[in-house]
Amino acid sequence: MAIVRPLVVIPTYNEAENIGRLLCRIVESLPDAGVLVVDDGSPDGTGDLVKAVVADLPDVHLMVREEKAGLGSAYRAGFAWGLANGYDALVEMDADFSHDPAALPTLLAPLAEGFDVSIGSRYVAGGSVPNWARHRHLLSRGGNRYASAVLGLGVADSTSGFRAYSAGIMRKLDLGLIRAEGYGFQIEMTYRSKQHGAAMVEVPITFVDRAAGNSKMSSRIVVEALALVTWWGLGRVTRGVRHPRQSAPARAANSAAGSGDPLRAA
């Protein structure tokens, strides 16, 4: 199965220092891909910079939202837009060069082999985070191990924000019911995809901290995500107790639906 039209979705808020260079690098790495920037009303002019390159990069698009509404919300809107416009794969990617645009072809390759979700992983053989302090390594690795154990994910890096979904698995998810943000959003998307029978694979990546701009991630966001994992895990156990004879695929099928959030694109 060939991936004909991938769409790279990039949420932005105050990324004027990075966005122009990033768009050019993505187009160099994936000349047949579309790019959708979902900008939450950046006061630094990020949206205006995207508008300036649209004429030269015809499959680059801008969705303008009036206020900062969160990472998960931006991705949900972007995925819905991509499905509505006929793209065959939806890619998540940060705007700060922590994810290498040159790695995009490798990230997408498993989808052409029949996988539904390809996760760019820091924690499989060949993956790395070269410039993190020890406490950040411990927090991230520990959180990922906890999420995998509690939710039965079988994934080493469920919090990775560099990943690709086939349009087929995305259509099975009810994006309107996925409400988590930040790290929690990545974990929830992994969990819901697994519930719907997605074939998932991890490919090694090197993750580097941003060189320009300010990080939006904090320990508070990680802790909130792990609290959500605990809540989902309790729900998973409760459903198992209430419905001991119902298989996991059957439970997943019962929760499947298919429409995305309404959106306004510019």
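**Close-up views: salt bridges, helix packing and cores**

Arg76 is buried, with a relative accessible area of 1%. Buried stands for under 20% relative accessible area, exposed for over 50%, and partly exposed for values in between (1.4 Å probe, protein chains only). The model is predicted; local features need pLDDT of at least 70 and side-chain atom pairs count only at pLDDT 80 or more, while totals for chains, interfaces and linings use all residues. Residues are numbered from 1 along each chain as its sequence is written, and side-chain values use heavy atoms, with hydrogens and water left out.

**View 1. The salt bridge of Glu181 with Arg76.** A salt bridge is counted where a side-chain nitrogen of Lys or Arg lies within 4 Å of a carboxyl oxygen of Asp or Glu. Helices (H or I, at least four residues) and strands (E, at least two) are DSSP runs, numbered from the N terminus. The side chains of Glu181 and Arg76 meet at 3.3 Å, N to O. This pair links distant parts of the chain, 105 residues apart: Glu181 is in the loop between helix H6 (167-172) and helix H7 (182-195), and Arg76 is in helix H3. Glu181 is partly exposed, at a relative accessible area of 31%.

**View 2. The packing of H3 against H7.** Two packed helices are described by the angle between their axes and the distance between the axes. Each axis is a line fitted to C-alpha atoms, for helices over the stretch in contact, and angles run from 0 to 180 degrees between N-to-C directions. Contact means heavy atoms within 4.5 Å. Angles under 35 degrees count as roughly parallel, over 145 as roughly antiparallel, 65 to 115 as roughly perpendicular, and the rest as oblique. The axes of H3 and H7 are 8 Å apart, at an angle of about 45°, and the two helices are therefore oblique to each other. H3 makes the contact through Leu71, Gly72, Tyr75, Arg76 and Phe79, and H7 through Gly182, Phe185, Gln186 and Met189. The contact residues divide into 5 nonpolar, 3 polar and 1 charged. In this count Ala, Val, Leu, Ile, Met, Phe, Trp, Tyr, Cys and Pro are nonpolar, Asp, Glu, Lys and Arg are charged, and the others, Gly among them, are polar.

**View 3. The largest nonpolar core, of 41 residues.** A nonpolar core is a set of buried Ala, Val, Leu, Ile, Met, Phe, Trp, Tyr and Cys residues joined through side-chain atoms within 4.5 Å. Within the largest one, Phe79, Met170, Ile187 and Met189 touch the most other members. At least two residues each come from strand E1 (6-12), E2, H3, strand E5 (117-121), helix H5 (134-151), H6, H7 and helix H8 (219-242). The most is given by H3, with 6 residues. Another core, of 28 residues, lies apart from this one and has Leu23, Leu30, Val35 and Leu111 among its members.

**View 4. Surroundings of Ile187 and Ser158.** Residues up to four places away in sequence are not counted for Ile187, which touches Ala147, Leu151, Leu153, Ser158, Thr159, Ala225, Val229 and Trp232. Ser158 sits in the loop between H5 and strand E6 (163-166) and is buried, with a relative accessible area of 0%. Under the same exclusion of residues up to four places away, Ser158 touches Asn144, Ala147, Leu153, Arg163, Gln186, Ile187 and Thr190.

**View 5. The salt bridge of Asp40 with Arg65.** The closest N and O atoms of Asp40 and Arg65 are 2.6 Å apart. Asp40 lies in the loop between strand E2 (34-39) and helix H2 (46-54) and Arg65 in the loop between strand E3 (60-64) and helix H3 (71-84), so the pair ties together parts that are 25 residues apart in sequence. Both Asp40 and Arg65 are buried.

**View 6. The salt bridge of Asp100 with Arg25.** The side chains of Asp100 and Arg25 come to 3.2 Å, N to O. Distant parts of the chain, 75 residues apart, are linked by this pair: Asp100 in the loop between strand E4 (89-92) and helix H4 (104-112), and Arg25 in helix H1 (residues 19-29). Asp100 is partly exposed at 34% relative accessible area, and Arg25 is partly exposed at 32%. The structure holds 5 salt bridges.

**View 7. Positive phi at Asn14 and at Phe97.** Most residues other than glycine have a negative phi. Phi of Asn14 is near 60°; Asn14 is placed in the loop between E1 and H1 and counts as partly exposed at 28% relative accessibility. Phe97 has a phi of about 70°, is found in the loop between E4 and H4, and is buried, with a relative accessible area of 16%.
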